[in-house]
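Subject: Structure handover

Hello,

Here is the structure we talked about.

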Amino acid sequence: MRITVNGVTTNVDVEDEMPLLWVLRDELKVKGPKYGCGIAQCGACTVHVDGLAVRSCSITAKQVEGRDVTTIEGIGSPDALHAVQEAWIEHQVAQCGYCQSGQIMSAASFLSMHPSPSDDQIDHAMSANLCRCGTYPRIREAIKTAAAKMREA
Amino acid sequence: MKPRSISIFAIGFLLLGAAGTAFSHGPGDDGSQIDLVVNTPEEDVTLEAGLAAWDRIYTVTSHPRCSNCHTDERNEPMWSGPSYGKTRPHGMNINAGDSRIGVETIFCSTCHVQSTAPNTVRHAAPHTGHPWMLAPVEFNWFGQTSETVCAQMRDPERNGGRNGDDLVEHIIHDAEIKAFITWGFNPGGGREPAPGTMQEHLDDMVAWTAAGMPCPVDGD
Amino acid sequence: MVNVGKIARRSFLVGSVAVAGGVAFGYYAVQKPHKNPLLASLADGEATFNPWVKISSKGITLITPHADLGQGAYSMQAALIAEELDLEFGQFDIEPGVPAAAYYNTALGAELAPFRSTDESFQAETMRTVFSSVTKLMGAQGTGGSSSVPDSFEKLRIAGAVARETLKKAASKRTGIDVSDLTTRQAAVVLPDGTMLTYAELAADAAKIKPVKNVELRDPSEWRLVGKEMQRLDIIPKSTGTLTYGIDLDFEGMLYAAVKVNPRQGGELNGYDASTAETMRGVQKILPVTNGVAVIANNTWRAFKAVDAITYDWGDAPYPAEQADHWKAVEASFTDDFLDNEWRADGDVDAAIDGNSIEAEYRAPYVAHQPLEPIGAVIKVTDDRLDIWVGHQMPRFVQQQIAAITGHDVKDIHLHNQYMGGSFGHRLEFENVKLAAEIGNQMRGEIIKLTFSREEDFAHDFPRQIAMARGRGAVSGGQVEAYDLGVAAVSSSDSQGARANLSRPGPDGQLAAGAWNLPYAVPNFRMRTYKVPELAPTSSWRSVGASSNGFFADCFLDELIHAAGADPMAERIRLCDHDVSRKVLEAVAEMSGWGTDLGENRGRGVAFVESFGVPIAEVIEVTNTENGIRIDKVFVAADVGTVVDPINFDNHVKGGVVWGLGHAMNCEITYADGMAEQSNFHAHEGMRLHQCPEIVVRGLENAEKVRGIGEPPVPPAAPALANAIFAATGQRIREMPFNKHIQFV
């Protein structure tokens, strides 16, 4: 089937029910989305499907056929950072960093819909992304900085 | 209220060509067809039989598989039942908002994708053929008494403008798109299903509506 | 130059110890430098001054042998070298280095010495040196025990200084200018006329001269990097999804492996039926491994699916099948038969208590590590060489474990250490590397990536020790008069040590850590430990013994203080007999506005624990809302001697608090039918963002020794929370996880 990831369409020969996460990681070698739990408990695998955040472990290859999949590699790069990535760097959010691809993708989707989020909204939107290192205080700060950057841009 | 077995028959006739005819809807969670039959009562349904049907309906609506997403104006899905231990709001601080689908903060679809595929993975976020969401706030069932839920369900002002036939059709439509009721009886992933079968639930709805949608207060 | 004096003193102590203590290892062996592992692989034109710096005409590479689990160890190590070598971030590459005895951990051994870290007596210092000598002889290269900073702080700055002075000597030889007229800046030697000779262009010359040995370390007032805010070297890759973790590695033709091993840990596999799995798409091979089965496929998900499709006949667990029996075994261990040690016996507790005993019993359950990157490894085994790519805290032990399986000589086992998605103690263990070795050994020539599913990782985690404490005490005149704490726990040190083929003589210090070393001059103070015979296998979990003992020891003290009618902060400060610790308590009291009124349904609790040499106090404010307890604010004061990077310090302390609170709130591993009942994060949640309080952190620098901060913030979190809940509700919670007794928002 044909899968479009970060604007590139590729033919992949996979089962309909293979989770998008494993199509990305093992077939297309896109490693930004991480495997953490496989059951939408941690959010490390978060990508955007048609612009909205989705846990790639829980959506199948068949379901994203004909839709636009964007991974963290697709929203920005070290040379051309997304505002959320800039904020994550300024606040030095990451410790081990393994959850941060998912955190950033959740935050980017959230901020695209809610450019001036309240603290309460942030707490609702971001609590489904698990961080074992406990970087939550910095995630909160970085989201506010990113929101300001995105409003100015 | 008067029994409305005639109109139920009509619905059955309309949908099936003949009452008692089986019909099928796409592959079920286990890959099989879901066969539902509208067993139109041949005689009037008595008040007692209607109330008995309601009691069984209530065991379904009050089951965690159904009531966890029929919650009040706080817009919080609930986690209760054997899969969850202590009753509590959905973890991760999830709030579906007034939209009941998470527009305000995080879409339910972030984790609960729309899919008719089987729910096979234990403890995974379940999915159905309908976008995952809370039921409208008027359909508040969680922790509510039989009387309260019954009064809501027969009130067109609070049941989505449905009459008895519409309520029956709602179940059939649900089966067609593999939505929440269908999922509730076959939730997969090791979850405890709602009591009984979907066919039994349909039979009860047919009987209850045929009996004029009696509620426990009517039997006193 | 204070530091040089300290180095000299340590050398002297080593010599004295070897003579006076009659240590069998010998003075010469202790002092003999380990072989420099870089000499074996030096190309022409490369110079090496010691095992931490490599300079060639192409650039500068700093070797950072302490593994980076996410704690920023690579950046910290690089900064210490760069400080003395006059490098800026961006002017060098880093490499984790190869496993080598030269990278033995100088700080890990000192922690094993059974002295309170506040004890700087000659005897204590001597014993620390002896233990350090043992770890050196063993070449115990390791990361853990909050030891990376203490191990590196002096050593790596010396490494940088040696390199710098040698480069200056080379520049002097080339230019004829006296060394004293040369300076260094921006990876170059600067001549008096401002000409800059880059290190790269001096490297070949420097290789031809003997390294300068006598160097002076700079005064802290001259530091450019240390103590200043740094940008971690990995922060951009970690914010763009471009950092490669072990699980992300990819090689041409690589195969993907999944395993299922008897979830009754250590139980056997009696039989299995793989007939369905064999027919599944992408499955290449199904192999037996110790107590389990491996599936090799062409995609991780296909391997996961196939290994789940196998039916297994598992043998029994070699420990009680049901959780209640684990607790019974702990309860039954408070007897002389199981007494491991009496760590402290100040005054006479029995006489002081004498019928007026205040008593309480505490419990701490098994808890899982579960870093977010599941364990795994990439391996390629050939007849004469073995390569393994894995993130691990004990690389040389990995080599030994693998050698025992494949029969390769350790020198032919090449470990390529990887960035890790967390550890918390999990990557001190060997299940993933042993299974990878078994798989690779049966498929020689293939390159295979083993990934544990989250469920397999949970099933084979070695959790934190299960533990209980029984406290007795007495108060009089508004003061705590007697404090008698007994702790019974399984020994995670013994359990872990057995798997690493290590045995440790004497009592297990981790059974007492965080409790016996409270810096309180309670007139009658006794602390005893009872070793529970091994139940389920356990391992080091972030802050190890102190993670449970801190909860027991501080909460029980809090109970006595309340019984005495004293103020929890004032009484702790009054009792404190250690200046550095008292200043920590005073700081957190000032930060938190201790004593001010919080209003209705709110409460404030304080806890102090010293672990890994770091005195640390936390004050927590909670509100008892209608939906449960909300943790509003946490104030933390900790003394680590020197804060190397204020940003990483702050992030780490906050993370430790979140770790301590989250697991205290809602995490435990329980066994049923011999298997862990918790299989994924739905049942072992930890803290979520909305539950995270505001955390205010202050690093104090009154202590003389530099310390690591990875673990110390964890132990005070649980007792401070329990004490705050008591203040807000009057409910005293004596068992983790607290959500068994109270709800959290």
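B:Cys150 and B:Cys215 are both buried (buried is under 20% relative accessible area, exposed over 50%, partly exposed in between; 1.4 Å probe, protein chains only). The two are joined by a disulfide, S to S 1.9 Å (a disulfide is a pair of cysteine sulfur atoms within 2.5 Å). The torsion about their S-S bond is about -90 degrees, so this disulfide is left-handed. B:Cys150 sits in helix α4 (residues 146–153) of chain B, and B:Cys215 in the loop between α7 (198–210) and α8 (216–219) of chain B, so the pair ties together parts 65 residues apart in sequence. Helices are DSSP runs (H or I, at least four residues), numbered from the N terminus. A search of the whole structure gives one disulfide over all chains.

Before you go further, some conventions. This is a predicted model: local features need pLDDT of at least 70, side-chain atom pairs count only at pLDDT 80 or more, and totals for chains, interfaces and linings use all residues. Residues are numbered from 1 along each chain as its sequence is written, chains are lettered from A and ligands numbered from 1 in the order in which they are written, and side-chain values use heavy atoms, with hydrogens and water left out.

B:Cys69 is in no disulfide; the nearest cysteine sulfur belongs to B:Cys108, 7.8 Å away. B:Cys69 is buried, at 19% relative accessible area. B:Cys111 is in no disulfide either; its nearest cysteine sulfur is that of A:Cys57, 7.8 Å away. B:Cys111 is buried too, at 11%.

Chain A against chain C

Here 56 residues of chain A are in contact with 65 residues of chain C (contact: heavy atoms within 4.5 Å). The buried area is about 4,900 Å², with 53% from carbon and sulfur atoms (accessible area, 1.4 Å probe, that two parts lose on being put together, summed over both). A:Gln92, A:Gln95 and A:Arg132 supply 18% of the area that chain A buries against chain C, more than any other three residues.

The rule finds nine salt bridges across this interface (a side-chain nitrogen of Lys or Arg within 4 Å of a carboxyl oxygen of Asp or Glu). C:Asp650 forms a salt bridge with A:Arg138, the closest N and O atoms being 2.7 Å apart. On the side of chain A that touches chain C, α7(A) gives the largest share, five residues.

Best wishes

Notes: Helix = DSSP H or I, 4+ residues; strand = E, 2+ residues; numbered from the N terminus.
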